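Here is a briefing on one protein model. Please read it alongside the sequence and the coordinates.

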Amino acid sequence: RSRTSSGGTIALRALLTSGDNTIPQTIDFGPTGPTGLSGVKNIIAVSSCKGGVGKSTTSVNLAYSLRALGYSVGIFDADLFGPSLPTMVTPDDDNVVFVGRQIAPLVNNGVKLMSFGYVNDGSAIMRGPMV
């Protein structure tokens, strides 16, 4: 069986803030529009209770290694206080596109990218409880 013929998607998420108990959403933009996690077959979470140990580096290396093996991969950088994915990966096109009330992931070499750092330059005012 081919790795790409199964129709599954491997989603890679970097949970960069310690104590984060929420599950961020990965958006699959199929022919009928966003479907949430319904098209995601596997999830790999990279987390730690300590900063500066290489969570983002591990996530990026793992994502691009899986992509090289033929898997469909996405990275979700859930660190609101200091997202590092934008400093490591530059999207092919950095225009943020909204699909309804959701943001389409940016892409670099076939890997879908989502990080708060791509959406907002500098500080942001957040309303409601933070993740």
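The side chain of Asp 77 reaches the backbone nitrogen of Ser 84 at 3.1 Å. That is a polar contact (a pair of N or O atoms within 3.5 Å; within protein, one must be able to donate a hydrogen and the other to accept it, and residues adjacent in sequence count only if both atoms are side-chain atoms). The model is predicted: local features need pLDDT of at least 70, side-chain atom pairs count only at pLDDT 80 or more, and totals for chains, interfaces and linings use all residues. Residues are numbered from 1 along each chain as its sequence is written, and side-chain values use heavy atoms, with hydrogens and water left out.

**Asp 77**
- Asp 77 sits in strand β5, residues 73-77. Strands (E, at least two residues) and helices (H or I, at least four) are DSSP runs, numbered from the N terminus.
- Asp 77 is buried but has no salt bridge. Buried means under 20% relative accessible area, exposed over 50%, and partly exposed in between (1.4 Å probe, protein chains only).
- A salt bridge is a side-chain nitrogen of Lys or Arg within 4 Å of a carboxyl oxygen of Asp or Glu.
- The nearest side chain of opposite charge to Asp 77 is Lys 55, 9.4 Å away. Lys and Arg count as positive, Asp and Glu as negative; His and the chain ends are not counted.

- Ser 59 lies in helix α1. Its relative accessibility is 1%, so Ser 59 counts as buried.
- A polar atom of the Ser 59 side chain lies 2.8 Å from the backbone oxygen of Lys 55.
- Asn 109 is in the loop between β8 and β9. Asn 109 counts as exposed because its relative accessibility is 56%.
- Phi of Asn 109 is near 50°, a positive value in a residue other than glycine.

**Nonpolar core**
- The largest nonpolar core has 11 residues, among them Val 60, Leu 85, Val 89 and Tyr 118. Such a core is a set of buried Ala, Val, Leu, Ile, Met, Phe, Trp, Tyr and Cys residues joined through side-chain atoms within 4.5 Å.
- The elements giving two or more residues to this core are α1 (55-68), β5 and β9 (111-115). Helix α1 gives the most, with three residues.
- Val 89 is in the loop between α2 (85-88) and β6 (98-99). Its relative accessible area is 5%, so Val 89 is buried.
- Not counting residues up to four places away in sequence, Val 89 touches Val 60, Tyr 64, Asn 108, Leu 113 and Tyr 118. Contact means heavy atoms within 4.5 Å.
- Val 89 and Val 107 are 18 residues apart in sequence and 9.5 Å apart in space, C-alpha to C-alpha.
- The protein chain has three helices and nine strands. Along the sequence, the pattern is β-β-β-β-α-β-α-β-β-β-β-α.
- Buried residues make up 32% of the 131 residues in the protein chain.
- Among contacts between residues at least 6 apart in sequence, 66% join residues at least 24 apart.
- The mean pLDDT of the protein chain is 74, and 67% of its residues reach 70 or more. The pLDDT is the predictor's confidence in each residue, from 0 to 100.
- Confidence is lowest in strand β1 (residues 9-14), at a mean of 41, and highest in strand β8 (residues 106-108), at 95.
- Over residues 1-29 the pLDDT is below 50; beyond near neighbours in sequence, this stretch has 98 contacts in the model.
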